[in-house]
Amino acid sequence: MAIRIVRLGSDRASDEGTRIGTVRRPPRGVPKTEFASQNWYDVWYPNLAPSVETMQLGQQAEDEKQWAAFAKRYRAEMKEPDAARSIALLAQLSHGANFSVGCYCQDESHCHRSILRALLLENGAEVRA
């Protein structure tokens, strides 16, 4: 049992389980009824997405210093009680169920999901490569 960190819209693994979209906004131009069938997500959970301001900071990051500023701000948001409890819950659930969390970004290394991966691991989650 484990969590997969995925790019939303990508093909699903056979044992992936429920796909959770940790994004601020649903995919554009896709009817809600087709989110799951088009491999976007089964459940939308923006609680673990960066705030709009923080997301913009990450999207505009052009160097490591700017990316580090984004990462610091996103980590601070994830320390807020609701987000911290959500991360702890997902980490615990990863020991008994297969599911995935993800975002739309093509490059995980410059996406909040890379930081979310680290936060889940720091909270004892089983994370599949």
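**Close-up views of the predicted model**

**View 1. The lining of the largest pocket.** The residues that line the largest pocket divide into 13 nonpolar, five polar and three charged. (Ala, Val, Leu, Ile, Met, Phe, Trp, Tyr, Cys and Pro count as nonpolar, Asp, Glu, Lys and Arg as charged, and the others, Gly among them, as polar.) This is a predicted model, in which local features need pLDDT of at least 70 and side-chain atom pairs count only at pLDDT 80 or more, while totals for chains, interfaces and linings use all residues. Residues are numbered from 1 along each chain as its sequence is written, and side-chain values use heavy atoms, with hydrogens and water left out.

The largest pocket holds about 450 Å³ of space. Of its 21 lining residues, Met 55, Gln 59, Cys 103, Tyr 104 and Cys 105 are the closest to the centre. Helices H1 (52-60) and H2 (64-78) are the elements that give two or more residues to this lining, and H1 gives the most, with three. (On a 1 Å grid over the protein atoms alone, a pocket is an open set of points where a 1.4 Å probe fits, with protein on both sides within 12 Å along at least five of seven lines; lining residues have an atom within 4 Å of a point. Points join across faces, edges and corners, and the volume is the space filled by probe spheres set on them. Helices, H or I of at least four residues, and strands, E of at least two, are DSSP runs numbered from the N terminus.)

View 2. A search of the whole structure finds zero disulfides (pairs of cysteine sulfur atoms within 2.5 Å). For Cys 105, the nearest cysteine sulfur is that of Cys 111, 3.5 Å away. Cys 105 is partly exposed, at 31% relative accessibility, whereas Cys 111 is buried, at 1%. (Buried means under 20% relative accessible area, exposed over 50%, partly exposed in between, with a 1.4 Å probe and protein chains only.)

**View 3. The largest nonpolar core.** Look here for a set of 21 residues, among which Ile 3, Leu 90, Val 101 and Leu 120 have the most contacts inside the core. Strand S1 (3-7), H2, helix H3 (81-93), strand S4 (99-103) and helix H4 (112-122) each supply at least two of its residues; H2 gives the most, with five. (A nonpolar core joins buried Ala, Val, Leu, Ile, Met, Phe, Trp, Tyr and Cys residues through side-chain atoms within 4.5 Å.) Leaving aside neighbours within four places in sequence, Val 101 is in contact (heavy atoms within 4.5 Å) with residues including Ile 3, Ile 20, Leu 90 and Leu 120. A second, separate core has eight residues, including Leu 8, Val 23, Val 30 and Tyr 41.

**View 4. Leu 48 in its loop.** Leu 48 sits in the loop between strand S3 (43-44) and H1, and is buried at 0% relative accessibility. Not counting residues up to four places away in sequence, Leu 48 touches Thr 22, Tyr 74, Met 78, Ala 83, Ser 86, Ile 87, Leu 90, His 112 and Leu 116. Its C-alpha atom is separated by 8.5 Å from that of Arg 24, 24 residues apart along the chain.

**View 5. Thr 54 in helix H1.** Thr 54 has its place in H1 and is buried at 0% relative accessibility. Beyond residues up to four places away in sequence, Thr 54 touches Phe 70, Arg 73, Tyr 74 and Glu 77.

**View 6. The buried residues of H4.** His 112, Arg 113, Ser 114, Ile 115, Leu 116, Leu 119 and Leu 120 are the buried residues of this helix. Their cover includes S1, H2, H3, S4 and strand S5 (127-128). Just after H4, Gly 124 takes a positive phi of about 85°.
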